[in-house]
Amino acid sequence: MIKNKKIMHAIGTYIILLGFLWLFLIGTATIPNEAIKENMKSSSLVVGKADAFAYMDGNKMNGIADNYADSIWINVAWFMGKGNFIKSSLNTGYYDGEGAGQNIGLYQAITEEITEPNVEYARYWHGTAGVIRLMHLITDVTGIRNIGFLTILFLAASIMILLIRDGKDGVAIAFFLSLCAIKIWNVRLSMEYQPAFVIGFLMCILYVLLEKKGNDYLNFLALAGGTGIAFFDFLTTETVVILLPLILVVTVRALEERIGTWKENLKFLIGQGIVWFLSYGTTIAMKACLLSVITGENKLFSSINHAKERVNGIVVVSVNNGNLPQSLAAVATNLSMLFGGTKRIQLLPVLTGCVLVVFFCAITILFLWKGKKENKVATACLFFLGILILLRYMVLSNHSYLHAFFTYRGLICLIMATFSIVLLSIKGMKNSRKKD
């Protein structure tokens, strides 16, 4: 009876949350295009004059500014203000200038009053397009990027302040070093990179604040995180929203020696994963279903096909005149990005990444063998959470290979998990010395 009540509460919460988010999207669609036209025009010139994929840090691929994606975001946001605002909040697309390119199409759409998009782009919710419309009341794409990045820095600083307040200086330092490892400052280069970190860091704050109140609170946060990231993100570093908060929770609980048993943690982590995945997947499916109802066309089939492409769409991968399995190539190219690769698969950066993965596995094995019983539980949990990002790359191999220049930032989870296991080992050694 209690379990059924919790399920009904979760379903009710999900419906209210998604309904609120859709109302936000509808509300921003009602903003008159005339009110944002000048800033939209300025944005179209900013992204139009830049390279689609501009190298901003020498020739390192992890310093690419994705002006192509931002142009599409702005294009979609502009057409949300056309026609019936309820329909346009769902049936989004962009104008590509009749094949001339989305940048030219964006400028033409704004200056020549193109009434309808000619490229459908309705597979995502486009929640960030609503934010873009709202922000264009006061600034252009450059201002939005800067505001987004400052928001991320504020949230990151808040996480560290919370950890330091609770006496977890080591965890705060580990978090800071993890941010540096993925070059968090490069998130400022594109609007597309930012929603996952805004939502992910917000979830980290809420998880740290509420984890002592019990796992039921965290399950509702997992639901909110899965729904939020599906609504606002274009499939960039979505796993940060669930993995990073859980890594912080496990680390904090282990350091305070209240990690619990194997069974308790297994139930907790699997439950979190199920809730997050269901809310994420359901939100994507709901977009297709609502759009099908409004347009009278079956949009669910095209969404499923798009998902299949991201999983097993074929890309040609050749390394040293030999073929590398796509799943392994996806992992290799993300490791290459992390360590400053100038091409998708570069030998030295990939080998350095492999050293990181081997070290992560080695300290896990060592600590499971030598560590205290409570710390063994935490270590196993951290290993599981850290390694999941590599599995994500392998499962979504097509997407992870093609878009590694931003998906690599999901490796913050692996890096933070590595630091956390090291922190637990240091604490274990200190406790052993005290006993001696």
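**Surface patch, buried arginine and nonpolar core**

In the predicted model, Ile7 lies in helix α1, which spans residues 2–29. Together with Met8, Ile11 and Ile15, Ile7 forms a nonpolar surface patch of about 400 Å².

Arg145 presents a buried case. This residue is located in helix α7, comprising residues 141–165. Its relative accessibility is 10%, and Arg145 therefore counts as buried, the threshold for that class being under 20%. The side chain of Arg145 is joined to that of Asp70 by a polar contact of 2.9 Å. When neighbours within four places in sequence are set aside, the contacts of Arg145 comprise Val46, Val47, Asn67 and Asp70, together with Arg188, Leu189, Ser190, Met191 and Gln194.

The largest nonpolar core contains 129 residues, among which Phe175, Phe201, Tyr207 and Leu244 touch the most other members. Helix α11, residues 240–255, supplies the largest share of this core, with 13 residues. For Phe175, with residues up to four places away in sequence not counted, the residues touched are Ala156, Ile159, Met160, Phe201, Leu244 and Met416. Phe175 accordingly touches both Phe201 and Leu244, which are themselves listed with Phe175 among the core residues touching the most other members.

Notes. Residues are numbered from 1 along each chain as its sequence is written. This is a predicted model: local features need pLDDT of at least 70, side-chain atom pairs count only at pLDDT 80 or more; totals for chains, interfaces and linings use all residues. Side-chain values use heavy atoms; hydrogens and water are left out. Patches are made of residues with over 30% relative accessible area and no salt bridge: like charges are joined within 9 Å, nonpolar side chains (Val, Leu, Ile, Met, Phe, Trp, Tyr) within 5 Å. Accessible areas come from the Shrake-Rupley method with a 1.4 Å probe; for residues, only the protein chains shown count as cover. A salt bridge is a side-chain nitrogen of Lys or Arg within 4 Å of a carboxyl oxygen of Asp or Glu. Helices (H or I, at least four residues) and strands (E, at least two) are DSSP runs, numbered from the N terminus. Buried means under 20% relative accessible area, exposed over 50%, partly exposed in between (1.4 Å probe, protein chains only). A polar contact is a pair of N or O atoms within 3.5 Å; within protein, one must be able to donate a hydrogen and the other to accept it, and residues adjacent in sequence count only if both atoms are side-chain atoms. Contact means heavy atoms within 4.5 Å. A nonpolar core is a set of buried Ala, Val, Leu, Ile, Met, Phe, Trp, Tyr and Cys residues joined through side-chain atoms within 4.5 Å.
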